[in-house]
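Open the model in your viewer and show it as a cartoon.

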Amino acid sequence: MTRIADAFARCVRAGRAALVTFVTAGDPAPEHTAAILDALVDGGADVIELGMPFTDPMADGPAIQKANIRSLAAGTRTADIIVIARAFRERHPDVPLILMGYANPMTVRGPEWFASAVAEAGVDGVICVDVPAEEDDTLGAALRAKGVASIRLATPTSDATRLPTILTGAEGFLYYVSVAGITGQQQAAQSSIEEAVGRLKAATPLPVAVGFGVRTPEQAAAIGRVADGVVVGSAIVDLVGEHGAQAPAPVRAYIETLSSALADARKELA
């Protein structure tokens, strides 16, 4: 978990927001994921989210839905994801790795088994999309007991009444889902993002990372001027879908444009 805090702290010292990137494990096949993850790191990603493929990814748009289908068709299983995570940690000892997905694959063998397995593999945090904070007394508790951050989601509908519940037990960073919808389809107005980030930062000392709908360097830079982190997923997953096993080079090139935009974003305000 300290890797997450260290990564955000490094970005603060550098005067920029953290770049948080997402890809689906096993897309296009498990044996290709390592090279794609390395391309993210080499391009300048600060935090990596590795999606766990699932048959009913209800929060995800077409790009990540298709990635889930490709991954599952290639035979990806939870055991493969653990192997990928462990190998990533050996290659990149300081880069935070977050698993993101849905409750069924995380709890089918019991939350204690999952928490132990991911902790042993060197995973720093877990985002479980479909377990609300009010029902996170098993998976979240098991993760925290193993030193793995239980990263929570806040949305535009997370009002002042519910926000304290979301923040109770939250660790690592707070992921602000900037639109009331699925991934990759639209981006919230910048003014609404700025208002939400200000409200969330007043409520928690955790870094606030903003995602859903971020595709261009310009969008990333605008959010990076106010948020602690910017999350990009569907646009990367689209590149993997387009290029398959040859995706690492275009993924790295794209990540470099985002990283450069974030590095320059706050300088423009100085």
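Select Gly 75. This residue sits just after helix H3 and takes a positive phi of about 90°. Bear in mind that the model is predicted.

Now step back to H3 itself, residues 62-73. Pick its end C-alpha atoms: they are 16 Å apart. That agrees with expectation, because 12 residues at 1.5 Å a residue should span 16 Å.

Next, show the side chains of H3. Which of its residues are buried? Color Ala 63, Ile 64, Ala 67, Asn 68 and Ser 71: these are the buried ones. They cover an arc of only 135° around the axis, which puts them on the same side of H3. An α-helix has 3.6 residues a turn, so residues three or four places apart point the same way.

Move on to strand S7, residues 174-177. Look along the strand and check the side chains. Leu 174 and Tyr 176 point one way. Tyr 175 and Val 177 point the other way. Buried or exposed? All four are buried.

Finally, bring in the neighboring strands. Strand S6, residues 153-154, runs parallel to S7 and is joined to it by 2 bridges. Select Ala 154 to find its bridge partner in S7, Tyr 176.

Conventions: Residues are numbered from 1 along each chain as its sequence is written. This is a predicted model: local features need pLDDT of at least 70, side-chain atom pairs count only at pLDDT 80 or more; totals for chains, interfaces and linings use all residues. Side-chain values use heavy atoms; hydrogens and water are left out. The expected span of a helix is 1.5 Å times one less than its number of residues. Buried means under 20% relative accessible area, exposed over 50%, partly exposed in between (1.4 Å probe, protein chains only). The arc is that of the directions from the helix axis to the C-beta atoms. Two strands pair if DSSP finds at least two bridges between them.
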